[in-house]
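Please examine the sequence and the structure shown below before reading on.

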Amino acid sequence: MIEREIKFLPNGRLEVTIPVCLKHDGRKTTLLIDEDCGKPLDKDNLSPLQKALIQGFQFQKHLESGKIESVSALARKEHMDRAFLFRALSLVNLAPDIINLILDDREPKTITLNKLRKGFPEDWDEQRAFFGIK
């Protein structure tokens, strides 16, 4: 079984692996996370934080694929403001445990989309302190 994993890449980036599977029940497809794919992430019932986090990783994937050469090009393709894209992309720099809390819908009330969009520390320990996570 694939485990949740964080890899530090030679280029200074991180690769986050979150095992998922898709379950289709005949009318909708649900994204399931972890072992027996644990708690489902229902794409129709994602929290705004979950949507923003997933979107940030999707944008990062587009840029890393090489098919889109810059944030400006991605902004044009997605018909979005560059500043919005930069804020969405910043979410991929959250500490892995904070990402897991958001995906598991267990984040503390101190983590809000508004607070994340205003900026947060780059250092993971500082992020935990910033959001009051022990």
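At the start of helix 3, which side chain has an oxygen that reaches to the backbone nitrogen of A83? The residue is D81, whose side-chain oxygen comes to within 3.1 Å of that nitrogen. A polar contact is a pair of N or O atoms within 3.5 Å; within protein, one must be able to donate a hydrogen and the other to accept it, and residues adjacent in sequence count only if both atoms are side-chain atoms. This is a predicted model, in which local features need pLDDT of at least 70 and side-chain atom pairs count only at pLDDT 80 or more, while totals for chains, interfaces and linings use all residues. Residues are numbered from 1 along each chain as its sequence is written, and side-chain values use heavy atoms, with hydrogens and water left out.

**Overall architecture**

The protein contains six helices and five strands, where helices (H or I, at least four residues) and strands (E, at least two) are DSSP runs numbered from the N terminus. Along the sequence, the order is β-β-β-β-β-α-α-α-α-α-α. Of the 134 residues, 35% are buried; buried means under 20% relative accessible area, exposed over 50%, and partly exposed in between (1.4 Å probe, protein chains only). Among contacts (heavy atoms within 4.5 Å) between residues at least 6 apart in sequence, 44% join residues at least 24 apart.

Helix 3 spans residues 82-90, and L85, A88 and L89 are its buried residues. Seen down the helix axis, these buried residues fall within an arc of 100°, so they line one face of helix 3; the arc is that of the directions from the helix axis to the C-beta atoms. They pack against helix 1 (48-65) and helix 2 (71-78).

In helix 2, the buried residues are V71, A73, L74 and A75, and their cover includes helix 1 and helix 3. S70 sits in the loop between helix 1 and helix 2 and is partly exposed, at a relative accessible area of 25%. A polar atom of the S70 side chain lies 3.0 Å from the backbone nitrogen of A73. Just after helix 2, H79 has a positive phi of about 55°.

**Cavity and pocket**

On a 1 Å grid over the protein atoms alone, a cavity is a set of points where a 1.4 Å probe fits but cannot get out, and a pocket is an open set with protein on both sides within 12 Å along at least five of seven lines; lining residues have an atom within 4 Å of a point. Across the whole structure, one cavity of 30 Å³ or more is found.

| Space | Volume | Element giving the most lining residues |
|---|---|---|
| Largest cavity | about 50 Å³ | helix 3, three residues |
| Second largest pocket | about 370 Å³ | helix 1, four residues |

The second largest pocket is lined by 16 residues, of which R13, Q60, L89, V92 and N93 are the closest to its centre. Strand 2 (14-17), helix 1 and helix 3 each give two or more residues to this lining.

The lining of the largest cavity consists of A52, Q55, F84, R87, A88, L91, L113 and R117.

Methods:
Grid points are joined across faces, edges and corners, and a volume is the space filled by probe spheres set on the points.
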